[in-house]
Amino acid sequence: MRYLFGLVSVLAIGLLPLIGCSDTAGTGGSGGTGGTAGAGGSAGDGGEGGAGGTRAELRLFVQGWEDGAATGALPGVEICEMDTDNCVTTSDQGNAVIELPAEQEAAITLAKEGYASYLDSHIIPATGGTEAAVLATYERLDAMHELVDSPYPMEGTGTLYVEALDAYVGATLALVGDATGKQWYRDENTDWDTDLTATTSGGGGGFSELAPGTVQVDIGDASCTVIRGWPGDADTRLKLPIREGFLSRTDVRCEAP
């Protein structure tokens, strides 16, 4: 499994005009300001949470998603660094900027009433990154969980989704180690289906009813590049955090072996 370091920034260059005109994007000066985390005060000022190394800016453009299409900029989405109170909210143009630990595993939650709650994993280069994200409606996720006979809202569990950006057909997904969950793949209409045994032209698949923690997924024999997510402990594996009530997602680009 290869990790294209900083590829998110490259892929989203086309979105820079949108982000550049946002109210949020104009704040904070350049991405390099601020030095290392925890600088600027004594240990008592920031507590132990002030340590953690260099931080970098992740710039986001968030849209809604319904009936298989983006519905435009989504304001009022709360975006938080996982397990912290470092939070920002998208502007009227759907833009936000959040600082995350640089060059290490980091994750953000995205939440808004009426929409599914997402957990996205990243490794942000020191120069920062740019990303477009979508939030499906609550009704969409409710319908998908119903198709695979999993509870929604989730009951003490999370759901994992592996998006094959190139709609790679025939990829198989398997949980590594002791992790267990209900497996499904998307059919040609992008609906979840537990009867499928590999990815289709609908792209991707995943697992519902996963216990909170960190899981690894093996993508068969395919050669894949992680676009969004954390690399696992083998070339064919990726790693993701799972949190109760959230859809953890990762994006990969795969080639047949």
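Hi everyone, let's start with Pro212: setting aside neighbours within four places in sequence, this proline is in contact with Gly156, Ile242 and Glu244. Please keep in mind that we are looking at a predicted model. Pro212 sits in the loop that links strand S14 (205-210) to strand S15 (213-218). Thr159 is another residue to look at here: 53 residues separate it from Pro212 in sequence, yet their C-alpha atoms are 9.4 Å apart in space.

Now to helix H4, which covers residues 138-147. Leu141, Met144 and His145 are the buried ones there. Looking down the axis of H4, these buried residues fall within an arc of 100 degrees, so they line one face of the helix. As a reminder, an α-helix has 3.6 residues a turn, so residues three or four places apart point the same way. On the other side of H4, Glu139 and Glu146 are exposed.

Last, the cysteines. How many disulfides does a search of the whole structure find? One, and it joins Cys80 to Cys87, with 2.0 Å from S to S. The link is right-handed, with 110 degrees about the S-S bond. Cys80 is buried at 8% relative accessible area, whereas Cys87 is partly exposed at 32%.

Notes
Residues numbered from 1 in each chain as written. Predicted model: local features only at pLDDT ≥ 70, side-chain atom pairs only at ≥ 80, totals over all residues. Heavy atoms only, no water. Helix = DSSP H or I, 4+ residues; strand = E, 2+ residues; numbered from the N terminus. Contact = heavy atoms within 4.5 Å. Disulfide = S-S within 2.5 Å. Buried < 20%, exposed > 50% of the residue type's maximum accessible area, 1.4 Å probe, protein only. Arc of directions from axis to C-beta.
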